[in-house]
Amino acid sequence: MEPAWDPATQITVDHSSPVPLYYQVASQIEEAIDSGALPVGARLDNEVELAARLGLSRPTIRQAIGSLVDKGLVVRKRGAGTQVVFNRVKRPLELSSLFDDLTRIDQQPTTKVLTNEVITPSPEIAHILGISEQDQVLHLERVRSARGEPIARMQNFLPAGLIEPTDELLEERGLYQLLRAAGVRMHAAHQTIGARVATEADAELLDEPVGAPLLTMQRTTYDQAGKVVEYGSHVYRASRYSFDLSLRGDT
């Protein structure tokens, strides 16, 4: 068994760096949470003890812990230090489904199906899918959770006939898994990321207060022939979820 993560030996502070001391501490604790070295339920020393062990002032430690509290990663427990309450899901910007990504990082995804029906599309949806308004589309709406915590409200529209999933299949498998199993090869996608505040419906489904910040994503996915196979419009809890991307300069 690996030894417990110890801030006194794992956190390094550079007093000559222009990076604020509180941020150096907070970022290293956040990294330990993200990596699983500090799992959900793990406790840190209280502010006085942590400040003494790191050789920093109590206000510096208080600011560091406060920034983690604001992100929803830890909570303060009176007389018992600070406790990790959630590992934020960080998703790479790839052509993959949320279900696949959560499974890959052992977040134990579960799904609640809200809508699974074939409908006549709106003019906007018909245009996005490249079909006529007289054609039929499969409309799906689901809430995806990670380790029991809701993190995303997802709506998807697909040309009717690509797949005909039952609610049980949608609960057990990701949408892209079902498409691949049906022989659909997803080749490319156009994706837009934005933000908005939570509506009453969002708040109820995602366990957030009305007006809380949400990340938004719209994705249109194409097969190798250039035909649209699905359009998704999703919202994510900003306190529990983020997108990761890498940028590369000239070489």
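**Reading cores, strands and rings in a predicted model**

Student: Which residues touch the most other members of the largest nonpolar core?

Tutor: A nonpolar core is a set of buried Ala, Val, Leu, Ile, Met, Phe, Trp, Tyr and Cys residues joined through side-chain atoms within 4.5 Å, where buried means under 20% relative accessible area, exposed means over 50% and partly exposed lies in between, with a 1.4 Å probe and protein chains only. Here the largest core has 21 residues, and Val25, Ile29, Leu38 and Ile61 touch the most other members. Helices H2 (21-35), H3 (47-54) and H4 (58-70) are the elements that give two or more residues to this core, and H2 gives the most, with 5 residues. Another core, of 13 residues, lies apart from it and includes Val113 and Leu158.

Student: What should I keep in mind about the model and its numbering?

Tutor: This is a predicted model, in which local features need pLDDT of at least 70 and side-chain atom pairs count only at pLDDT 80 or more, while totals for chains, interfaces and linings use all residues. Residues are numbered from 1 along each chain as its sequence is written, and side-chain values use heavy atoms, with hydrogens and water left out.

Student: How many helices and strands does the protein have?

Tutor: Helices (H or I, at least four residues) and strands (E, at least two) are DSSP runs, numbered from the N terminus. In this protein they come to 9 helices and 11 strands, and 43% of the 251 residues are buried.

Student: What is the order of the strands in the open sheet?

Tutor: Two strands pair if DSSP finds at least two bridges between them. The open sheet of 6 strands has the order S5-S6-S7-S10-S9-S8, with antiparallel pairing. S5 and S8 (186-197) stand at the edges with a single partner strand each, so one side of each is left without a neighbour in the sheet.

Student: Why is strand S6 described as largely enclosed by the rest of the structure?

Tutor: In strand S6 (residues 137-146), 10 of the 10 residues are buried, so the strand is largely enclosed by the rest of the structure. Val137, His139, Glu141, Val143 and Ser145 point one way, Leu138, Leu140, Arg142, Arg144 and Ala146 point the other way, and all are buried. S5 (residues 109-119) is joined antiparallel to S6 by 10 bridges, with Thr115 partnered by Glu141 and Glu117 opposite His139. S6 also pairs with S7 (residues 149-159) in the antiparallel sense over 10 bridges, where Ser145 has Pro150 as its bridge partner. The hairpin of S6 and S7 has 2 residues between the strands, and Arg147 in this hairpin takes a positive phi near 50°.

Student: Where is Asp207 found, and is it buried or exposed?

Tutor: Asp207 sits in the loop between helix H9 (200-206) and strand S9 (213-223), and at 55% relative accessibility it counts as exposed. Asp207 has a positive phi of about 60° although it is not a glycine.

Student: Which residues form the aromatic pair, and what is its geometry?

Tutor: A pair of aromatic rings is described by the distance of the centres and the angle of the planes. Rings of Phe, Tyr and Trp (its six-membered ring) pair if their centres lie within 6.5 Å, and planes under 30 degrees apart count as stacked, over 60 as edge-to-face and the rest as tilted. The structure holds 1 such pair, in which Tyr22 and Tyr23 are edge-to-face at 6.4 Å centre to centre with 85° between the planes. Tyr22 is partly exposed at a relative accessible area of 24%, and Tyr23 counts as partly exposed at 45%.
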